[in-house]
Amino acid sequence: MKIVNPTAVFGEEEACKFLLKKGYNILERNFRKGYGEIDIIALYNHTLVFIEVKTRSSNKYGTPFEAISPQKLRLLVKGANFYKYILHPDLPEEMRIDAIGVMVWGNEVLSIEHLENVSGF
């Protein structure tokens, strides 16, 4: 059983709102495959975008983006390929992996930063 972190859930909700305002079409959230999870899968300008969301309330243990390890990126690429080529081959060929860092204080968003194509994939 997965333990749900309320701060992470709040951050993902805010990231979705942010993406919708930018014109992204959210296809799926919290897609799970045995080797990992993809927080948000979306379409944007004929590109299939896989998005990792990291939420933090301080930089005590590093920034949100510093929490995305090379191993996590490898798992995201593996999950993205499975999602596209095995489950949804009809979706656009153009793909990328983005990251969104959300800084919060309680239920207040202090900042949201969106980095596109963090894997070069």
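In the predicted model, Ala-42 lies opposite Val-49 of strand β3. This pair belongs to the region where β2 (residues 36–44) and β3 (residues 47–56) are considered together: the two strands run antiparallel and are joined by 5 bridges. Helix α1 (residues 6–21) packs on the sheet and touches β1, β2, β3, β4 (95–105) and β5. The direction of α1 makes about 140° with that of β3. Helix α2 (residues 70–87) also packs on the sheet, with contacts to β1, β2, β3 and β4; the angle between its direction and that of β1 is about 110°.

The sheet is open and consists of 5 strands in the order β1-β2-β3-β4-β5, with mixed pairing. Strands β1 (25–33) and β5 (108–115) are located at the edges; each has a single partner strand, so one side of each lacks a neighbour in the sheet. From one strand to the next, the twist averages 30°.

Strand β4 is mostly covered, with 10 of its 11 residues buried. On one pairing, β4 runs parallel to β3, and 9 bridges join the two; here Glu-52 stands opposite Ala-99 of β4. The pairing of β4 with β5 is antiparallel and extends over 7 bridges. Within it, Val-102 has Ile-112 in β5 as its bridge partner.

Notes. Residues are numbered from 1 along each chain as its sequence is written. This is a predicted model: local features need pLDDT of at least 70, side-chain atom pairs count only at pLDDT 80 or more; totals for chains, interfaces and linings use all residues. Side-chain values use heavy atoms; hydrogens and water are left out. Two strands pair if DSSP finds at least two bridges between them. Helices (H or I, at least four residues) and strands (E, at least two) are DSSP runs, numbered from the N terminus. Axes are lines fitted to C-alpha atoms, for helices over the stretch in contact, and angles run from 0 to 180 degrees between N-to-C directions. Contact means heavy atoms within 4.5 Å. Buried means under 20% relative accessible area, exposed over 50%, partly exposed in between (1.4 Å probe, protein chains only).
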